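The sequence and the structure come first.

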Amino acid sequence: MNGFLFPLLLQGVQVNNSARVGFIWLSALVCLVAGIVMTIHNLKRSESIEERFRKQIGELKILRSQESDLNRHETARREYELVTDKKPVPLNTVLQETLAGVKVDDVRESRKELVDGWALRQKEISISDVPLDKVMDFVEKAESHKFPWSLARFVVRSAPLASGKGQVTLLMESLEKVE
Amino acid sequence: MRWMLRATKVNFMIECRGAVKWVGSCYGVDLQAGKPVIVRAERTRGRVNCFPVAESDPSFANMLKSGRAIVAGSLTAGESLSCWLETPFTSWNKSLKVLPTLLDVQLPFALEDCAYDFIPAGEAKRTVSQGGEILRPEKVMALAVAARFVDVRKKIDTFKISGMDPVVLDQEGLALWSQSLFEVPVVPGGEHAPRVVIYLGSDRVTVAIGRGVDFISAHGVGGQPNAGQIARLLKAQLETPKGKTEADVSWLWAGPGVVNSDFQAKLQQSLCVDWPGASVVHDQPETFLARAVATRAITDGPLRCNLRSGVLQHDMITRRAETEHVRTASLCLAAGILLCAANITWGMMVNHRGSLLDNAVNDIKDKLAGFHVAAKGENGIKIVREAIGPRKELLKPFLRRFEPSLADKVVVLADLAKKNDLRYETFSLSREKVSVGGTAGGWKKCEMLLDALKQMGYAVKMDRKESLADERISFSVITAGGASE
């Protein structure tokens with residue numbers, strides 16, 4: 001009986017070994033084919049992926065530059081928030097200091113609301129027949145205050161600038177926050 | 001046939017793989033009238049050292065008992081045969097398909113009853129003469145070795161009587177030939193000289209004949225041959241078409257019959273009458289064959305073979321072949337898995353990177369806009385711009401405070417007028433626009449004003465015309481857009 005069973009068992013082991021090797025080869029073939037197919041697929045995809053990434057990076061760059069630009073504006077606003085007295089010096093005071101005796105033809109004032117309680121104050125001052133260097137003194141004085149006015153527009157009419165006098169219209173701007 | 005497939009085939013090189021190359025040591029056994037002569041061969045850093053081992057050696061006995069002893073033996077020249085076959089092909093792979101048929105024709109018994117092996121010939125440019133005929137080197141030459149299964153079984157049984165189960169059964173003639181060349185190489189100038197290795201055993205004599213390093217044939221000539229028998233063999237194998245040998249024969253002797261025996265000297269003397277030449281007795285001739293089979297089993301070299309093949313193949317060889325099969329298959333499987341894993345990993349990395357970018361873009365869009373922006377690409381950027389545009393506009397006055405004063409530009413333009421004979425009749429300057437009209441002392445002086453305004457960042461255009469009355473050039477400069485911010 002043993003003499004009969006043992007060869008069968010041996011044959012069975014051999015068949016199992018062959019089956020095992022065959023299974024491994026089959027698995028290897030499947031994996032290799034799958035790997036090759038995936039590689040080809042990924043190679044084909046890579047160009048479109050690269051294009052997609054390039055676009056996304058481009059978008060990100062644009063958005064970041066937008067963000068940086070907005071941050072600059074916000075930073076400028078925050079600088080103003082640090083100032084304790086958020087009101088400019090009255091322009092009439094500056095006018096009297098620098099252009100005493102000069103007749104101001106017209107003063108027009110406007111106010112525009114900005115953000116977070118801030119407002120933009122604008123004053124258009126028209127002065128005739130005024131020495132232009134004195135006008136520049138006035139502008140310099142107004143701009144040198146801690147909470148300054150600044151020159152937004154400078155118009156000279158009626159007389160050549162070189163003559164030193166003329167009819168001048170100044171648009172002065174300042175920021176203000178009512179707390 | 002497995003070792004044939006492993007032999008390197010470049011230009012039909014001789015190198016063949018040892019039958020049990022993967023082990024570092026084995027026992028070589030030469031059965032002399034049933035009594036074994038045993039050596040242990042150990043391979044260290046490419047060199048093989050052989051040590052005689054007594055049959056009663058306890059460590060050898062233990063190794064045999066535990067089944068760890070790897071034993072190499074041989075089939076005698078009388079129990080096996082070797083013959084040269086010429087194929088019509090120049091490719092070894094093609095030749096392998098026809099060699100069994102060519103061998104079958106040569107055998108006096110059926111090929112199915114044999115264990116056989118084919119060994120590739122030497123370099124194609126060498127010639128081997130057989131029976132006086134010079135064979136052309138272009139075609140594949142193979143040395144076939146064969147033995148009947150019944151003889152192989154008998155040999156295995158003989159070994160088993162001594163408690164040994166040989167893993168390798170070499171062919172005696174080839175073993176003698178290659179070991180002789182290894183221990184006593186061909187002298188320079190003797191590449192074509194006849195060479196004869198004679199093994200004097202206690203129950204047999206084997207003669208291996210060749211020319212230079214080329215093996216021709218091996219023959220068993222009985223227990224006590226005379227010179228005449230050997231001389232006839234030489235005549236058949238070595239005589240040229242002209243009927244003469246061209247050079248002295250190199251005689252090499254081995255085997256237990258060489259030690260303390262007159263027989264070898266007398267035989268030598270008789271043979272040198274017709275076949276003169278130098279005679280050399282190999283060192284330790286009694287263990288020569290045992291050394292030969294052991295060395296050949298564990299090293300690569302010429303003319304390697306194992307006649308314990310086919311259905312009689314030793315389990316160790318079978319398992320090794322299966323292990324190598326499994327290893328090769330496993331390597332391929334590992335390569336396949338690695339390739340798949342690499343691709344999957346790449347895909348995951350790409351997706352991850354894509355997600356990171358997507359998230360970064362979405363986060364910044366949502367943060368800037370103040371609400372979730374679902375649109376992608378140009379549309380998304382447009383929505384963000386429209387969302388932050390109004391706020392930026394309202395914050396611009398804050399930023400202007402940190403820009404250079406407009407008054408500085410006025411002063412620069414006024415100085416320019418003084419230095420370059422420019423008379424401004426109308427002058428209007430704001431951050432975005434400029435409008436200047438007047439006259440200039442020369443055509444090029446107008447350009448000074450234009451350059452200065454451009455440097456300040458205004459995109460301006462100028463009109464000029466000759467004035468007939470006072471030769472001054474009247475000009476007007478207007479901005480096309482605002483000052484660049």
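Are Lys392(B) and Asp69(A) buried or exposed? I looked up both, and Lys392(B) and Asp69(A) are buried, where buried means under 20% relative accessible area, exposed over 50%, and partly exposed in between, with a 1.4 Å probe and protein chains only.

Before going on I noted that this is a predicted model, in which local features need pLDDT of at least 70 and side-chain atom pairs count only at pLDDT 80 or more, while totals for chains, interfaces and linings use all residues. Residues are numbered from 1 along each chain as its sequence is written, chains are lettered from A and ligands numbered from 1 in the order in which they are written, and side-chain values use heavy atoms, with hydrogens and water left out.

Entry on salt bridges. I took a salt bridge as a side-chain nitrogen of Lys or Arg within 4 Å of a carboxyl oxygen of Asp or Glu, and the structure holds 38 of them over all chains. The side chains of Lys392(B) and Asp69(A) form one, at 2.5 Å from N to O. This pair crosses between chains, from helix H10 (residues 377-400) of chain B to helix H1 (residues 2-81) of chain A; helices are DSSP runs of H or I with at least four residues, strands runs of E with at least two, numbered from the N terminus.

I then looked up Glu74(A), which forms a salt bridge with Arg391(B), their closest N and O atoms being 2.6 Å apart. Glu74(A) lies in helix H1 of chain A and Arg391(B) in helix H10 of chain B, so this pair also joins two chains. Glu74(A) is buried at 11% relative accessible area, whereas Arg391(B) is partly exposed at 29%.

Lys155(B) is buried at 10% relative accessible area, and Glu79(B) is partly exposed at 26%.

Entry on cysteines. Cys26(B) is buried, with a relative accessible area of 1%, and Cys446(B) is buried at 0%.
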